Amino acid sequence: MISANMAALQVAVPLIGAPLCTLIGRGTRAWLFATLVTWFAFAMSIGLLVEVMQNGAFSYYMGNWPAPWGIEYRVDHLSAFVLLFITGIASVVMLFAYNSVENEIAADKHRLFYTAYLLTLAGLLGMAITGDAFNAFVFMEISSLSGYVLISLGRDRRALFASYQYLVLGTIGATFFVIGIGLLYMATGTLNLADLATRLPRLGENFVVFAGFVFLMVGLSLKVALFPLHLWLPNAYTYAPSMVSALLAASATKVGVYLFLRFLFDVFGIRFIIDTWPLAEIFMALAIIAAVMGSLVAITQINVKRLLAYSSIAQIGYIVLGISFVNLTGLTGAVVHLFNHALMKGVMFLAIGSVLMRVGGTRFVHIRGLGKRMPMTMAAFVIAGLSMIGVPGTVGFVSKWYLVLAAIERGLWPVAIIVMATSLMAVVYVWRVVEAAYFAEPEANHEIAEAPWPMVTATWILAIACILFGLTTDLTIGVAQSAAVMLLGGGQ
Amino acid sequence: MREHLILRLVSKFLIPFIILFGLYVQFHGDFGPGGGFQAGVIIAAGCILYGLVYGLEALRQAIPQSIVITLVALGLTIYAGTGFVTMMLGGKYLDYQWLAHDPAHGHHYGILIVELGVGITVAATMLAIYYGFAGRGEPTDS
């Protein structure tokens with residue numbers, strides 16, 4: 001039963017896990033149950049990736065209604081890769097969550113918190129696996145609505161405002177997305193992505209399709225927080241509970257980018273991007289502004305969590321930059337950076353989450369001297385920081401290498417120089433944290449212990465992964481390359 | 001609302017019929033217009049009418065808040081669980097034809113069960129929202 005239905009179980013288990021968590025969970029049981037569900041989802045995603053690598057892409061028909069009438073789940077290299085790192089990061093974050101949630105969330109809300117978490121997970125996985133445009137919208141709403149709830153539970157009162165801000169902007173994004181799908185449905189009469197891809201070219205120049213495309217792109221840009229539609233992100237990441245910041249930074253915007261890739265390359269096709277409008281140039285300009293502005297603003301922050309949030313905006317810039325090159329190297333870099341950024345931002349948000357628990361705040365005054373007090377946590381942060389800069393031997397280097405190569409392949413030297421310049425800005429903001437943690441005198445009057453072992457373990461699993469996947473790139477680059485080949489070859 | 005005798009009497013008379021109509025919409029949904037969403041809203045509207053006229057406390061006694069949360073979860077469990085049952089019987093997720101020997105009957109049962117889940121969750125969610133808004137300002141515990 002399991003092997004034949006892996007694609008369905010990938011989403012259905014977290015989905016049914018959510019209400020079950022409310023029904024059975026009290027206190028620790030809720031956490032244990034949510035963790036087991038997450039690990040099961042991780043096992044499923046490994047199974048799916050193995051299946052795809054051995055036998056190629058495959059489809060699963062919900063309720064045995066064949067596509068394009070029924071809802072099709074489509075698993076290929078790209079979606080299996082996205083599923084793998086979302087469930088992987090979520091599995092590690094759940095290890096971290098036990099102490100962190102205990103500390104930050106009122107005990108009577110735990111089971112509802114984990115319910116909302118499982119719904120978010122189900123929504124994100126659903127967006128990544130579905131081959132149906134409207135189904136993608138439904139899962140986007142599931143993940144977003146439960147995500148707003150998770151963010152609003154932060155213990156700072158401003159979390160409510162941040163959540164509300166995200167709610168308004170996220171809803172606008174989702175509405176644009178569904179209007180775009182509606183227009184495409186009007187023009188083609190289908191919602192299945194593969195079917196859309198075969199029908200759209202036959203329509204030729206069609207204003208309904210153009211309008212639909214624009215709505216889709218703007219809606220998705222809001223969801224991935226591409227400059228200048230990033231305004232919801234800094235507050236949401238800053239005030240959310242620690243594990244939620246880590247989870248959303250590592251997965252939510254990434255799945256948005258995944259849909260972005262799907263629609264751009266698979267549904268509309270590469271000729272549409274290059275021939276119709278100067279789309280690649282527009283995205284390149286926005287991506288460069290995002291990378292430069294995000295890094296610059298990150299340097300000026302006094303709250304480390306907010307610094308990381310602005311850094312995320314810059315990293316989204318890198319990913320979109322890789323896409324905008326529209327060549328194999330650039331796309332490989334973009335896809336692999338989805339994974340790599342998830343790893344390093346995961347470490348950083350987890351480390352800062354440990355700091356929040358032990359010290360009670362995440363501003364620079366709070367991390368003064370923590371290099372001595374919380375050596376393991378801060379060391380993991382430094383590894384991720386080096387990766388963020390792009391030091392060889394870390395995952396950050398791999399993605400930057402591909403981005404710079406892609407820029408040079410296209411003959412865009414200034415862009416390659418800008419990527420390196422923004423890396424220097426990353427040096428500045430990472431250094432600010434290192435300086436405060438290792439070279440500033442600690443507050444002498446109170447003792448701070450290292451974080452509990454599950455939190456340290458979780459942080460270090462990701463930190464070691466940062467180095468491991470920086471040294472052996474067979475898996476990540478291999479899968480990303482297959483995905484890029486598929487994106488460039490398909491949809492024509 | 002204590003002094004509005006007519007309102008109290010008329011709503012007391014109407015509420016059973018509202019809920020009965022909700023059940024009709026629920027279980028006749030596969031033959032006529034209707035289904036879980038509409039039925040859930042109608043049933044919840046009947047309950048909320050009771051709450052508006054007789055007061056929040058009366059409604060809380062009739063339908064405790066803790067049960068409402070359980071019902072929200074139960075409905076989704078029924079829906080998603082149906083998918084797991086069809087998988088265990090050998091089919092795909094939510095492939096109703098495995099629920100009975102005759103595929104047509106299977107589809108019939110499947111849609112009834114799934115819509116029941118939808119109805120329960122929608123009705124309970126409406127009530128939870130009502131409790132959330134009406135109970136604002138009181139000390140919360142859940």
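These legends go with a few views of a predicted model.

**Before you look.** Residues are numbered from 1 along each chain as its sequence is written, while chains get letters from A and ligands get numbers from 1, in the order in which they are written. Because the model is predicted, local features need pLDDT of at least 70 and side-chain atom pairs count only at pLDDT 80 or more, but totals for chains, interfaces and linings use all residues.

**View 1. Chain A as a whole.** Chain A has 20 helices and two strands (DSSP runs numbered from the N terminus: H or I, at least four residues, for helices; E, at least two, for strands). Its C-alpha atoms fill a box of roughly 75 × 55 × 40 Å along the principal axes. Of the 492 residues in chain A, 62% are buried (20 or more other C-beta atoms within 10 Å of the residue's own, with C-beta atoms placed from the backbone).

**View 2. Around A:Met140.** Look for A:Met140 in helix 5, residues 133-152 of chain A. With 26 other C-beta atoms within 10 Å, A:Met140 counts as buried. Setting aside neighbours within four places in sequence, A:Met140 is in contact with A:Gly123, A:Met127, A:Ala174 and A:Phe177 (contact means C-beta atoms, placed from the backbone, within 7 Å). A:Lys223 is 83 residues away along the chain, yet the C-alpha atoms of A:Met140 and A:Lys223 are 9.3 Å apart.

**View 3. Where chain B meets chain A.** Here 20 residues of chain B are in contact with 15 residues of chain A.

Terms used: Two residues are in contact if their C-beta atoms, placed from the backbone, lie within 7 Å. A residue is buried if 20 or more other C-beta atoms lie within 10 Å of its own, exposed if 12 or fewer, and partly exposed in between; C-beta atoms are placed from the backbone.
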